[in-house]
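Reader: I'm new to this structure. Could you walk me through how to read a few of its features?

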Amino acid sequence: MHGHGGSWTGCANGKKGLVEKDITLKIANYLKQELNKYYGVNIILTHDGVNFPNNDAGDLAARAMIARNNNADLYVSLHINDEASHTATGANVFVTSRTELYKYKEGMTLLGNKILNNLNKIGIKNNGVINDKLCNDHEPTYQYYDGSQADYYGDIRHAMKGDTLNDLGPDFSDGSGISTVLIEHCYMNSSDSQFIDSEEDLKKIAKADADAIVDYLGLKLPGTFISEMNVDKENANLLVGETTKINVTLGPSNIADKTVKWTSNDETVAKVDSNGNITAVKKGKTSITVTSNNNPSLSKRVNINVEKEEVKFEKEKENILVGKEKQLNVKITPTWIENKNIKWESSNKDILEVDNTGKIIAKSEGTAKVKATWIDKNLSDELIVNVIELPEYTKYQINKYKVSNNLISMIGPKVEITDFIKNIEVSDNLEVAVITQNKDQKYIGTNTKVQIKEKEHGFVLEEYECLIYGDINGDGKISSLDYTLVKNHIMDVKKITDKNIVITSDINADGKISSLDYTLIKNDIMDVKKITQK
C-alpha cells in the first residue's frame, strides 16, 4: 500500500498548503486501521512518508518489489487527482490490461468497481475503472515478457514485471504478478476538495476502500467464524474396497456452526460420505477435501493412495542378446507392505536362466518366460523374454557428429531429422529411430533420442540423447523462448533441472548458468555472434 511521500509530493496541490503526499499517507494509515480489524490480515506500508525503498522517492519499482517479495495478495496505490482547470471531479481506478489469470484484469476490475461504488455513496462521482492505459514507449523498460506494451503506471507495471528496468521481465502468466489497483480518489483543487477537508472525510474515504477490499477478499472479523481446523490424518493408504474415517475438529468452541462439506477430487478412485467415511474404489491417487461451511476459505486436504495386491512387470516383453545379463524388476503393491518374498522361475533354462534376485542370463537364441511369484500372497506375473543372436555383419556408425557417453553433440540448430539420419550408417538388419519431444517436430533438438534398433524384434541396441547448445526448450532452434527459460533460471522464477538442458544452457562451459550464457543466446538470436557448438 502506498502513495506519494518524501520529496515526491505528488502532482496535486490544494488549499492551505496541502499536498497529495500528506492526504494519501493519512488515507493509507486509516485504511490500515480498518483492515487490521479482520482476521489473518497483514498490512505493509511501502513507506512512512519520509523513508523510501532505495532512498529514492520516485523509485516505483522498489515499492512494487515490496509487494512481490512478500507475495502480497493485493497492492493498493493511493492518490488524489488534479488538472489544470480545477473543474474536474470524480474518482477513477486503474488496473492492468493483462488477462493471463482472473486475479489480474478481471478480478481487479471487480474490486475497482466495488471501490468506486463505495466512494460514490459518500458523494464522489464514479468515473469508472480503466484497464487499457498503456505505455507508448517501445523500450524494453516499458514492455512485458512477451514484447507487448506494458501498463502505463509504474506501480501496476512493476508489480507485474518486477524491478526489471532494462529488459522485458519474467513470464508472470503463472501468477507471479501482483494484483494491483491504483485509486485516484477525487480531485484536490475542485469542488471535490469537500471530500478531503477533514480527518473525518479522510476516514470515510479509507472506509470506502477498506469495505470494498473486505468484500472482494472475503475477510472475516475475529470471533464470527471458524478459524481452526485439524484432521486426524493427512495421508491414508487403502486397498481397493477398504474404508477409513477422517475425524475433523473445529474451533473456536463458541462458534455454533461446526458443519463441514466433504468432497473427493476423483470419486472413481475414492468416495467420501457426509460423515467423512472414505471408501477405496479403484487403484490410483486422489485427495479428499473437508471445508468449513461457516468459513469456506478454511479447508484441509487428505491425500489418498489406493492400491491393490498384485505383482506386475513393468513391461510385457523384454529383449536381450545372447551372452548378456539384465536385472528384471517387478512392482509389488501395496507399497507399504514390507518383507515381500519373491520366487523367480524360467520356463526354459537352456535359453534363459534367472537367479533369486531377478537377474537373467541369456544362454541361447529363443523365447522363454520368466515368472515372479509373491510367495506370501500366491500372486504372480509373467514376462516374455526374446533371446536374440545378431549376425556377424551387424554394425552401425554415427558420422560427422561428436559421440561421447551416449550423447551426440556438434549438431547445431535447425538440422532437419532427415538430414541428420543420413549421417548414421547401419547394416541391413538394423534401423534408426528418432524420438523428438514434440510429435510434429522438424529439427533435431536437445534431448531428442536416437535409437539403433534390430528390425525383426524391435530390440534397441543403443540409445543416444542429443545436445544443441542454446536450444533450451528442445525444439531444435535457438529463439526468444530459450532466452526466457535461461533468464527465468537466473532470476529463480523457474529452475532448469534436466541434466542435458543444464549442459546446453551453460554456453560458455564455466560450470554454471549465468547472465553470460543469457547474453550469448541473445547475441545468437540477434545475429551478433553465433553460438559455437561443442
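Reader: Does arginine 98 count as buried or exposed, and why?

Author: Quick background: this is a predicted model, where local features need pLDDT of at least 70, side-chain atom pairs count only at pLDDT 80 or more, and totals for chains, interfaces and linings use all residues. Residues are numbered from 1 along each chain as its sequence is written, and side-chain values use heavy atoms, with hydrogens and water left out. Buried means under 20% relative accessible area, exposed over 50%, and partly exposed in between (1.4 Å probe, protein chains only). Arginine 98 has 9% relative accessibility, so it counts as buried.

Reader: Which residue forms a salt bridge with arginine 98?

Author: A salt bridge puts a side-chain nitrogen of Lys or Arg within 4 Å of a carboxyl oxygen of Asp or Glu. Here the partner is aspartate 146, with the closest N and O atoms 2.8 Å apart. Aspartate 146 counts as partly exposed because its relative accessibility is 43%. Arg98 and Asp146 also belong to a salt-bridge network with Glu100.

Reader: How many salt bridges does the structure hold?

Author: There are 22. Another one of them joins lysine 207 and aspartate 211, at 2.9 Å between the closest N and O atoms.

Reader: What does serine 77 contact through its side chain?

Author: A polar contact is a pair of N or O atoms within 3.5 Å; within protein, one must be able to donate a hydrogen and the other to accept it, and residues adjacent in sequence count only if both atoms are side-chain atoms. Serine 77 makes one with the side chain of aspartate 155, at 2.6 Å. Serine 77 counts as buried, because its relative accessibility is 0%.
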